[in-house]
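Student: Could you help me learn to read this structure, one feature at a time? I would like to begin with the surroundings of the ligand.

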Amino acid sequence: MTRWNLPPDRIPSAWYNVLPRFETPMDPALHPGTRQPIGPDDLAPLFPMGLILQEVSPDPWIDIPGEVLDILRLWRPTPLVRATRLEAALGTPARIYFKDESVSPAGSHKPNTAVPQAFYNKQEGITRLTTETGAGQWGTALSFACAQFDLECLVYMVRTSFDSKPYRKVMMQAWGGQCVPSPVDDPSHPGSLGSAITDAVRDAVSRDDTHYALGSVLNHVLLHQTVIGLEAREQLEMAGERLPDVVIAPCGGGSNLGGVALPFYEDRSVRLLAVEPSSCPTLTEGRFEYDFGDTGEMTPLLPMYTLGHDFIPPTIHAGGLRYHGDAPIVSKLVKDGRMEAVAYPQSKVFDAALLFARTEGKVPAPEAAHGIRAAIDEALAAKETGEEKVILFNYCGHGHLDLQAYDDYLNGRLVD
Ligand SMILES: Cc1ncc(COP(=O)(O)O)c(C=O)c1O
């Protein structure tokens, strides 16, 4: 057997909240003007109270509303797959498993949080959401979720991705969303997630009917993504494994990583590994300090690893990993020594993507391929030592709309 599916009624009914389980508390977010800890009212122009309360919730489990579960069930639970053909190609004694989040409507893990975010906004009477998107995965996910709740959706897409991935915009439009390139006021600028956040926040605060939705970084986003790791725990047991030795995921803002890794936080024997691009090495080379989430200095200051909010990363193909900061939860785990981080140049990442495509058949998103690269290197290290290691990685998205990247790689045009 190489694939384990959970029946629809075994979808997790509560999210795993890591906050009350930390041995030391998280540092608070600070108001951008006063530099004092922010309170719920400070965030109310941007987010519904349902999400603001989740941001600081002391409850170890938070029930998933039935309306949200009904939509998640369109594709969840997602399969856990053992990559036996990749194992054979590597000649490794390691057992490699991946959680297949590419089966969602948008093709990635992003709808896991887009759906509850749209739900809580709808509950509060909001009729329009704005957001940023890097590779376009988050923008498509939010457009899909808004369609479920009859909300308008406007997506500010990082200009370099807007130009190189035109079909993402079409997908957003198919679900009724709108997509414009960012920064809106400088057509010659390649853009970054930081600048697209500024555009989306500025729009949201200018209208009473509009809120802002963030696809990563914040505590509530990582919370919603924990359905990934919760399902994977059960499925690994079905596969006859006790616990993985290592859990791996790419890290842009930290949401798919948090989603697969946090439910293993309390299992101290399980290594947690973040993978990032060498061209945007936030965890491996950044500083841990308070910084803005956007280039325009409109967001609260967050305690996180950062390359500086004015850092504009090179235009690599993994657009979703081009973020100067990281989730405060992920940053804390790395700072506390509970999580490791590694960085790769994109040529090594695409070597891994092609090996995966040619063995397991799936063409990964460039972001997902970062996790695959690290999983392969863990498996090769196990081959050296002869260890029967159990490796779990998050297959966080397919690359069917990232084919320009593959064209560049296959024709020798990819630069590191
Ligand atoms: C497929 C995919 N994986 C990973 C990421 C990185 O985001 P995060 O670190 O929040 O999972 C993105 C972001 O757009 C993405 O589209």
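Tutor: By class, the shell around the ligand has nine nonpolar, eleven polar and one charged residues. Here Ala, Val, Leu, Ile, Met, Phe, Trp, Tyr, Cys and Pro count as nonpolar, Asp, Glu, Lys and Arg as charged, and the others, Gly among them, as polar. Before we go on, please note that this is a predicted model, where local features need pLDDT of at least 70, side-chain atom pairs count only at pLDDT 80 or more, and totals for chains, interfaces and linings use all residues. Residues are numbered from 1 along each chain as its sequence is written.

Student: How many residues surround the ligand, and which are the closest?

Tutor: A residue is near a molecule if its C-beta atom, placed from the backbone, lies within 6 Å of it. There are 21 residues around the ligand, and Gln137, Ser216, Gly252, Gly320 and Gly397 are the closest.

Student: Which helix gives the most to the shell around the ligand?

Tutor: Helices are DSSP runs (H or I, at least four residues) and strands are too (E, at least two), numbered from the N terminus. α12 gives the most, with three residues. At least two residues of the shell come from each of α6 (137-149), α12 (255-261) and α16.

Student: How do α15 and α16 pack, and at what angle?

Tutor: Axes are lines fitted to C-alpha atoms, for helices over the stretch in contact, and angles run from 0 to 180 degrees between N-to-C directions. Helix α15 (residues 346-360) and helix α16 (residues 366-385) have axes 8 Å apart, at an angle of about 85°. That makes α15 roughly perpendicular to α16; angles under 35 degrees count as roughly parallel, over 145 as roughly antiparallel, 65 to 115 as roughly perpendicular and the rest as oblique. The contact of α15 with α16 has ten nonpolar, one polar and two charged residues.

Student: What about α6 and α8: at what angle do they pack?

Tutor: The angle between α6 and helix α8 (residues 166-174) is about 10°, with their axes 8 Å apart. α6 is therefore roughly parallel to α8. Two residues are in contact if their C-beta atoms, placed from the backbone, lie within 7 Å. In this pair, Gly139, Thr140 and Ser143 of α6 meet Arg168, Met171 and Met172 of α8.

Student: Which residues have the most contacts inside the largest nonpolar core?

Tutor: In soluble globular proteins, nonpolar side chains tend to be buried together. A nonpolar core is a set of buried Ala, Val, Leu, Ile, Met, Phe, Trp, Tyr and Cys residues joined through C-beta atoms within 7 Å. A residue is buried if 20 or more other C-beta atoms lie within 10 Å of its own, exposed if 12 or fewer, and partly exposed in between, with C-beta atoms placed from the backbone. The largest core here has 121 residues, and Leu142, Ile248, Ala249, Ala274 and Ile391 have the most contacts inside it. α16 gives the most to this core, with eight residues.

Student: Is Val217 buried or exposed?

Tutor: Val217 is buried, with 26 other C-beta atoms within 10 Å. Its backbone deserves a look too. Most residues other than glycine have a negative phi, and most peptide bonds are trans. Val217 is not a glycine, yet has a positive phi of about 70°. Glu297 also has a positive phi, near 60°, and with 15 C-beta neighbours inside 10 Å, Glu297 counts as partly exposed.
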